[in-house]
Amino acid sequence: MHGHRPRTPEAERSRRWFMNKALLAGGVAAVATMTGCSSDSSDTASSASSSGAPSGMPSGGPVGGGGGGMGPGVSQIKYADVKGVTADGTVVDDLYTIHSTDVSTDALVKAAQTFLDGLSTKERKSCTFDIDADEWTAWSNVDGYDRKGVRMGDLTEKQRNLGYALLGEALSADGLTQTRGIMKLNAFLGDSNGGNQKTLTEGHYFFTFMGTPSTTKPWGFQYEGHHVAINYFVLGDQVVMTPTFMGSEPTTGTYNGEKITLFKPETTVGLTMIRSLTAAQLKKAVSSQSNGNEDMKAGAGQDNLKLAYEGLKGSELTSAQQEKLLDLARVYIGYMNEGHADVKMTEVEKHLDDTYFFWMGETEDDSAFYYRIHSPVVLIEYDAQAPLFYKGDSSASPSASASASSNAGGPGGGMGMGGGTPSQEHIHTIIRTPNGGDYGIDLLKLHLENDH
């Protein structure tokens, strides 16, 4: 590998910097309470502050150690050092190969090139990196995280539409709806908290590109902001769309007259799966621990996570139960382009007997729970968390308990500032490709070894 472009010292913000910035912005209260946004949904503020140095604490990532969002105290793993998620620290070899999928990426490449062609020279330079750049691993779901790339809110309407056209080619219809819904509810959250913070808008989402769009050479892009991070690698007609983080607080709301409900399939299909198990199977699948505030393990900054298999093994399921497990996996995998989702599902099915299903929490319709699907080729997590800043009405603002608790939960997907009861109104999810598959790293290595 060559051509690494390390993040600047300015990008590697420390927790102390974050705290000092918040205190300077408005005193101790600013640390917990500055969560508003601009009321302009397109947010066309100048690019002078497009990297978004936060005016207060981010509302989506842990102070340290956790798996849900890379904020202050969580270290980025450099691209060259990525080993991948493993069960025990040892990478399982020969899981991925370079081959034809017969699913064309021509339209995707054209959409990416058209978007880049629509940028100014300065904008394009700001968002393009080498194929093996450290920018791949620099993503986060935290709202105030310092990001590179071109910011949607700083682009013209025509440029933004070209960006959405690219997402439309990369994602399925459901995937695009989900992504746009997350962006809209991010703005809804900002409006409900006073409307004075740029990071909680539809516009605070960034595109970066690694390599040059091509139908033969490796390239990819990243689309990232609060509660969404899509990493999309392309080699010929092969696609890897992991890690992909999607979340929201709240998960329901009416924004500009549109009623938005997110993560319903992830919730209901998960409940269908757990309710299909027998009493004996439940003893293996369900943890003795109750669902905590933050249980996600494989979020930002966890590219080399060691995570042992837990729960009920796929080989111990009936054929009907196996189909339900595949249905659940497809909810997440199905957010990518339909043809490539089918390719990935075939890969997942090959390892179905060695796929584990793990659950924490209750199983009522409105329960807050955590579950995980884990095999050699896929890792999926769903985590219902405590509210941080949303109180369920248009005048929502951080509660006293939110201000009092700076790290209520363990490792996981949020700051833990809410200190309240987890609910389905704050959900984090992630999908990864273990054993070196994330960011298409294994495919890129094979490409460089065999084709160059």
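**Helix packing and local features of the predicted model**

Tyr164, Leu167 and Gly168 of helix α5 meet Leu176, Arg180 and Met183 of helix α6, a contact being defined by heavy atoms within 4.5 Å. By class, this contact of α5 with α6 comprises four nonpolar, one polar and one charged residues; Ala, Val, Leu, Ile, Met, Phe, Trp, Tyr, Cys and Pro count as nonpolar, Asp, Glu, Lys and Arg as charged, and the others, Gly among them, as polar. The structure is a predicted model, in which local features need pLDDT of at least 70 and side-chain atom pairs count only at pLDDT 80 or more, whereas totals for chains, interfaces and linings use all residues. Residues are numbered from 1 along each chain as its sequence is written, and side-chain values use heavy atoms, with hydrogens and water left out.

Two packed helices are described by the angle between their axes and the distance between the axes. The axes of α5 and α6 (residues 173-192) are 9 Å apart, and the helices pack at an angle of about 135 degrees. Axes are lines fitted to C-alpha atoms, for helices over the stretch in contact, with angles from 0 to 180 degrees between N-to-C directions. Helices (H or I, at least four residues) and strands (E, at least two) are DSSP runs, numbered from the N terminus. The helices α5 and α6 are therefore oblique to each other; angles under 35 degrees count as roughly parallel, over 145 as roughly antiparallel, 65 to 115 as roughly perpendicular and the rest as oblique.

Helix α5 (residues 157-170) also packs with helix α3 (residues 106-117), their axes coming within 9 Å and crossing at roughly 160 degrees. That angle makes α3 roughly antiparallel to α5. The crossing of α3 and α5 is left-handed, meaning that the near helix is turned anticlockwise from the far one by less than a right angle, with clockwise giving a right-handed crossing. Residues in this contact include Ala107, Leu108 and Phe115 of α3 and Leu162, Gly163 and Leu166 of α5. The contact of α3 with α5 has nine nonpolar, three polar and one charged residues.

A further pair is formed by α9 (residues 319-333) and α10 (residues 338-350), whose axes come within 10 Å and cross at roughly 145 degrees. The crossing of α9 and α10 is right-handed. Leu326, Ala329, Arg330 and Ile333 of α9 make contact with α10 through residues including Asp342, Met345 and Val348. The residues of the α9 and α10 contact divide into six nonpolar, no polar and four charged.

Across the whole structure, 19 aromatic pairs are found. The ring centres of Trp136 and Tyr439 are 6.0 Å apart and their planes lie at 55 degrees, so the pair is tilted. Rings of Phe, Tyr and Trp (its six-membered ring) pair if their centres lie within 6.5 Å; planes under 30 degrees apart count as stacked, over 60 as edge-to-face and the rest as tilted. Trp136 lies in the loop between β1 and β2 and Tyr439 in the loop between β14 and α12, so the pair ties together parts that are 303 residues apart in sequence.

The peptide bond from Thr242 to Pro243 is cis, with omega near -5 degrees. Pro243 is found in the loop between β6 and β7. Glu249 and Pro250 are likewise joined by a cis peptide bond, with omega of about 0 degrees.

The protein averages a pLDDT of 83, pLDDT being the predictor's confidence in each residue, from 0 to 100.
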